[in-house]
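Please look over the model shown here. The report below goes from the overall layout to single residues.

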Amino acid sequence: MADHSEQACKKADEGMTRVFELFGKRWTGLIVATLLPGRAHFADLRRAIPGISERMLSDRLTELGAAGLLVREVESGPPLRVSYRLTEAGQAMEPALKELGRWARRYLGDSAQCPREFS
């Protein structure tokens, strides 16, 4: 029998928990958003996301690959180049990321602070 007690019903949704375990990490959403238009090389991603270190970008790309959201492709050289592209699962994040962008423009504005009515 399902537990419908007040405490059980107030628990965070398991799906949302899994989403934020991945997307709650700094840079992850920006990496996916940067890859939405199509494939990009490592150096292009690094330039497109100011402030991210090479190590952090590499770590996040590895995590996204392990989660099945992107694919790493090695292009034969010379020079040898590595590019990344979103999988179908990664591309499916587009509507959610666009909605988050709209929300941010409406409620966070330029100052990245909530309007007074939401403080």
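## Overall layout

Read from the N terminus, the elements of the protein chain follow the order α-α-α-β-α-α-β-β-α-α. That comes to seven helices and three strands. The model is a predicted one.

The protein chain has 119 residues, and buried residues make up 24% of them. Take the contacts in the chain with a separation of 6 or more: residues 24 or more positions apart account for 47% of these.

## Helix 5

Helix 5 covers residues 54-66, which is 13 residues. At 1.5 Å a residue, the helix should span 18 Å.

Which residues of helix 5 are buried? They are Leu-57, Arg-60, Leu-61 and Leu-64. Seen down the axis of helix 5, these buried residues fall within an arc of 100 degrees, so they line one face of the helix. The general rule is simple: an α-helix has 3.6 residues a turn, so residues three or four places apart point the same way. On the other side of helix 5, the exposed residues are Arg-55, Thr-62 and Ala-66.

Several elements cover the buried residues of helix 5. Among them are three helices: helix 2 (14-23), helix 3 (28-35) and helix 4 (42-48). The cover also includes strand 2 (70-75) and strand 3 (81-86). After helix 5 comes Gly-68, with a positive phi near 85 degrees.

Arg-60 belongs to helix 5. Is this arginine, Arg-60, buried or exposed? Its relative accessible area is 11%, so Arg-60 counts as buried; the cut-off for buried is under 20%. Leaving out residues up to four places away in sequence, Arg-60 touches Lys-25, Arg-26, Trp-27, Thr-28 and Ile-31.

One of those contacts, Trp-27, sits in the loop between helix 2 and helix 3. Trp-27 is buried as well, with a relative accessible area of 12%. Its backbone deserves a look. Phi of Trp-27 is positive, near 85 degrees, in a residue other than glycine.

## His-41

His-41 lies in strand 1, which takes in residues 40-41. With 16% relative accessibility, His-41 counts as buried.

Which residues does His-41 touch, not counting those up to four places away in sequence? They are Glu-75, Arg-81, Val-82 and Ser-83. Take the pair His-41 and Arg-81: they are 40 residues apart in sequence. In space, their C-alpha atoms are 7.3 Å apart.

## The largest pocket

Rolling a probe the size of a water molecule over the atoms shows where empty space is left. The largest pocket holds about 350 Å³ of space. It is lined by 15 residues. The closest to its centre are Phe-23, Gly-29, Leu-30, Leu-97 and Leu-100.

Helix 2, helix 3 and helix 7 (94-107) are the elements that give two or more residues to this lining. Helix 3 gives the most, with four residues. What is the lining of the largest pocket made of, in nonpolar, polar and charged residues? The residues divide into 10 nonpolar, three polar and two charged.

Technical notes. Residues numbered from 1 in each chain as written. Predicted model: local features only at pLDDT ≥ 70, side-chain atom pairs only at ≥ 80, totals over all residues. Heavy atoms only, no water. Expected span 1.5 Å × (residues − 1). Buried < 20%, exposed > 50% of the residue type's maximum accessible area, 1.4 Å probe, protein only. Arc of directions from axis to C-beta. Contact = heavy atoms within 4.5 Å. 1 Å grid on protein atoms, 1.4 Å probe; cavity = no way out; pocket = protein on both sides within 12 Å on 5 of 7 lines; lining within 4 Å. Points joined across faces, edges and corners; volume = space filled by probe spheres on them. Nonpolar A, V, L, I, M, F, W, Y, C, P; charged D, E, K, R; others polar.
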